[in-house]
Amino acid sequence: MASLIEHWTARRGDRGQLMLVTAFALAALFILLALVLNAVIYTENFATRESAGVDTIDASRYEYVASEAVGTAVENENAAGNSSYETMYDTVSRQTVIWSILTARHRATDARAVSVGLLSTTNGTRIVQNNSRPMTNVSNASDWRLVRDATAVGSFTMTVNQSSLVTPTNTTNAGELVDEGVYTVVFDNGTDVRQVFVYATGTNNVTVRVANSSGVLSPGCHASATGGTVTIDFVTRTVGGDHCSDLDALRTLDSPYNISYRDGANASGTYAVVTNRPAIDADLGDPDDGSSPYGERILYDATIEVRYVSPTLTYENVIRVPGGDWA
Amino acid sequence: MMDDRGVSMPIQYVTLVAIVAILASGLLVSAGGFVTTQQDSGVRHGLDVAGTRLATELVAADRLAGSLDETGTMELTVDTPTRVAGAQYLLKIEPTATPNRTRIRLTSIAPSEEVTVEIVTDLDVQPTTVDGGRLVIVADAANNTLEVHDG
């Protein structure tokens, strides 16, 4: 018995291995837990980092500002007067380069390489009659062509004097209106035609009706004259400020097309047309000698290339900038 | 020595060891389970963050690339974590039954977890599978699509 007790006492120092192993295992687990928590903290940190998408907003903002800048340069050239197309192009190109260099310097400070370059411009024409007179050409011809082979008409607004218009008696078909000498704006692409008749109804009303190629007339849009005049917008398709669904037929006409006036002597007023065609016919006068209507050279639109490079984004785009308040 | 009577030394020893072993293993199992749960949750959280990050960048890229001309180019570099809570993972971009809706399915390898994020874009996002890490979103303006590559 005594030997057993001695043996037991002697082994006391060896006891606890199991506890020790458990403690080590637990310590290892806690280290693992610390690592997992560290990974979670890293994830949280990652989640709050700035998104690379911020650069996409910056790039589209730069593109917008660049298009505004070039657009303004083109508009200024268009407003400045009847220069040659080459002069206008050179001026806009020079201004674009200057603007590009200035912005590039400015953005280089925050590691952004930006540039904008003028690729091309579309030569266009603005035809204007800004003093109220018959809708005849510069030599007082009643039937004449304003625009030839236009693929786009940026704006076309007309203000007609109600009292100058014909009041037709027969209005059932296009032929009758033509016979009665009703003032007509003709859109013609060679195979298809839209005739827009403008005539007076009653004492103070103006009616606009559109005939298709087969001569069938639309129901008509009516507007009462304010101050003796009614404004017709052929691009936004309004008559007297209200939408005219009859004019929607103009949208289905394939380009290029011509725009002509028929019986222009039977209406008077003012108008302005912007097209993307450089042609200025002899029907139009020179803006510098005060003749009316006149045609002047404008830049219809400009095509620019925008580049934006940041550490995370490379962006290059070609966009079209209108040269005025047209699309 | 009166207390020791009737109990042999080996039995007393074995009983003691057994009780300690049961307690220790219980502690280890529960602590191990806790750590495993935390790791799984950490991986899911990480996948969620990586998926949301890619989704955000894809939507931003879509917004910018939507106005691209046919000759235009756009490349957006996106950093997603290489590993989440120590686990490697894959990002699988796949179309859904709804047009313009794309699903990003993130799958970790060990532990095996899965998280999906859905986005709505104007441009179609090409289906692909990429590893987590640096990714590049490229716009294909001619085909009106977005592609995701390993960076």
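In what order do the strands of the open sheet of 6 strands in chain A run? The order is S2-S11-S4-S5-S6-S7, with antiparallel pairing. The model is predicted. Another open sheet, of 12 strands, takes strands from chain A and chain B, with mixed pairing.

**The 6-stranded sheet**

- The sheet S2-S11-S4-S5-S6-S7 belongs to chain A.
- Its edge strands are S2 (144–150) and S7 (221–224) of chain A, and each pairs on one side only.
- On average, neighbouring strands of this sheet are turned by 15 degrees against each other, direction ignored.
- Strands S4 (residues 183–188) and S5 (residues 193–201) of chain A run antiparallel and are joined by 6 bridges.
- Val185(A) has Val196(A) as its bridge partner in S5(A).

**The 12-stranded sheet**

- The strand order is S10(A)-S9(A)-S8(A)-S3(A)-S12(A)-S1(A)-S13(A)-S14(A)-S1(B)-S7(B)-S8(B)-S5(B).
- Strand S10 (242–243) of chain A and strand S5 (124–125) of chain B stand at the edges. Each has a single partner strand, so one side of each is left without a neighbour in the sheet.
- Strand S3 (residues 153–161) and strand S12 (residues 268–275), both of chain A, run antiparallel and share 7 bridges.
- Within S12(A), Thr270(A) is the bridge partner of Thr159(A).
- Helix H3 (residues 53–80) of chain A packs on this sheet. It touches S1 (113–134), S13 (294–309) and S14 (313–322) of chain A, together with S1 (73–79) of chain B. The direction of H3(A) makes about 160 degrees with that of S13(A).
- Helix H4 (residues 85–108) of chain A also packs on the sheet, touching S1 and S13 of chain A. Its direction makes about 140 degrees with that of S1(A).

**The H3(A)–H4(A) pair**

- The two helices pack at an angle of about 150 degrees, with axes 10 Å apart.
- H3(A) and H4(A) are therefore roughly antiparallel to each other.
- H3(A) passes H4(A) in a right-handed crossing.
- Contact residues of H3(A) include Tyr62(A), Val65(A), Ala69(A) and Glu77(A). Those of H4(A) include Met88(A), Gln95(A), Trp99(A) and Arg107(A).

**Nonpolar cores**

- The largest nonpolar core has 56 residues. Leu58(B), Met74(B), Ile137(B) and Leu146(B) have the most contacts inside it.
- Helix H1 (residues 9–65) of chain B gives the most to this core, with 9 residues.
- Met74(B) touches residues of both chains, including Leu313(A), Tyr315(A), Leu64(B) and Ile137(B).

Notes
Residues numbered from 1 in each chain as written. Chains lettered and ligands numbered in written order. Predicted model: local features only at pLDDT ≥ 70, side-chain atom pairs only at ≥ 80, totals over all residues. Heavy atoms only, no water. Pairing = 2+ DSSP bridges. Helix = DSSP H or I, 4+ residues; strand = E, 2+ residues; numbered from the N terminus. Contact = heavy atoms within 4.5 Å. Axes fitted to C-alpha atoms, helices over the stretch in contact; angles between N-to-C directions. Core = buried A, V, L, I, M, F, W, Y, C linked by side-chain atoms within 4.5 Å. Buried < 20%, exposed > 50% of the residue type's maximum accessible area, 1.4 Å probe, protein only. Parallel < 35°, antiparallel > 145°, perpendicular 65-115°, else oblique. Left-handed = near helix turned anticlockwise from the far one by under 90°. Lists of a residue's contacts leave out its neighbours within four places in sequence.
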